[in-house]
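Have a look at the picture first, then read on.

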Amino acid sequence: MFVELMPLLKQRTLLITVARIDEKLKVNVIPAKAKQGEDEALTTPLSYTGSAEELDKELGQHLASYVDSHLALGSTLAEAKAEMDAAAKAARQKAKTMQPTSKPDTATKKYESATPVAAPADTTPSLFPAQTQTEKPTTETSAPERSTP
């Protein structure tokens, strides 16, 4: 049982508890944090319940599997963190190179045309279309024609 735990014990402290529940035993293996800020997944405990004979026979295999999974998870988390750190560093470098290092030349000015530009006509929006007069208004007033019977 302890031979299987040795690879994990190289990295962190383990707390092992054994309790009797009715006629069975419950074994808990609880890894302690190796450093502050460490991922909580690396402190996931293993609990195994069985008879004393079952524990003698199978606990070593379960511990070996647990340790392998734990080490693989730690390795995967370390790789992911290294990749994220590298990506963040590359993004910062790219942002630095994208920033303009010199100010634009203020000696070159855009020349404006000497002719004044007409101001846009005051156009107030209207609900009705503009009407144009094609006939001149007459000052004569004519009475309506009547027909005689």
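## Starting at Leu 14

Leu 14 touches Leu 5, Leu 8, Leu 9, Val 29, Ile 30 and Pro 31, once you skip residues up to four places away in sequence. Bear in mind that this is a predicted model. Leu 14 sits in strand β1. Is Leu 14 buried or exposed? At 13% relative accessibility it counts as buried, because the cut-off for buried is under 20%.

Along the chain, Leu 14 and Lys 33 are 19 residues apart, and their C-alpha atoms are separated by 9.3 Å.

## The overall layout

Let's zoom out for a moment. The chain has two helices and three strands, and from the N terminus on they come in the order α-β-β-β-α. Out of 149 residues in the chain, 15% are buried.

Now for the contacts in the chain with a separation of 6 or more: 40% of them are between residues 24 or more positions apart. Ser 65 belongs to helix α2 and counts as partly exposed, at 43% relative accessibility.

## How the strands pair

Strand β1 (residues 14-21) pairs with β2 in the antiparallel sense, over eight bridges. Within that pairing, Val 18 stands opposite Val 27 of β2. On its other partner, β2 runs antiparallel to β3, joined by five bridges; here Val 29 has Leu 46 in β3 as its bridge partner.

What about the faces of β3? Leu 46, Tyr 48 and Gly 50 make up its covered face, while Ser 47 and Thr 49 are on the uncovered one.

## The turn at Asp 22

β1 and β2 form a hairpin with two residues between them. Asp 22 is in the loop that links these strands, and its phi is near 55°, a positive value in a residue other than glycine. Is Asp 22 buried or exposed? With a relative accessible area of 68%, Asp 22 is exposed, since the cut-off for exposed is over 50%.

## The nonpolar core

Back to Leu 14, which is one of the twelve residues in the largest nonpolar core.

Leaving aside neighbours within four places in sequence, Leu 55 is in contact with Leu 25, Val 27, Tyr 48 and Gly 50.

## The largest pocket

Finally, the open space. The largest pocket holds about 290 Å³. It is lined by 15 residues, and the closest to its centre are Lys 35, Glu 38, Leu 42, Gly 74 and Ala 78.

What classes of residue make up the lining of the largest pocket? There are five nonpolar, five polar and five charged residues.

Definitions and conventions
Residues are numbered from 1 along each chain as its sequence is written. This is a predicted model: local features need pLDDT of at least 70, side-chain atom pairs count only at pLDDT 80 or more; totals for chains, interfaces and linings use all residues. Side-chain values use heavy atoms; hydrogens and water are left out. On a 1 Å grid over the protein atoms alone, a cavity is a set of points where a 1.4 Å probe fits but cannot get out, and a pocket is an open set with protein on both sides within 12 Å along at least five of seven lines; lining residues have an atom within 4 Å of a point. Grid points are joined across faces, edges and corners, and a volume is the space filled by probe spheres set on the points. Ala, Val, Leu, Ile, Met, Phe, Trp, Tyr, Cys and Pro count as nonpolar, Asp, Glu, Lys and Arg as charged, and the others, Gly among them, as polar. A nonpolar core is a set of buried Ala, Val, Leu, Ile, Met, Phe, Trp, Tyr and Cys residues joined through side-chain atoms within 4.5 Å. Buried means under 20% relative accessible area, exposed over 50%, partly exposed in between (1.4 Å probe, protein chains only). Contact means heavy atoms within 4.5 Å. Helices (H or I, at least four residues) and strands (E, at least two) are DSSP runs, numbered from the N terminus. Two strands pair if DSSP finds at least two bridges between them.
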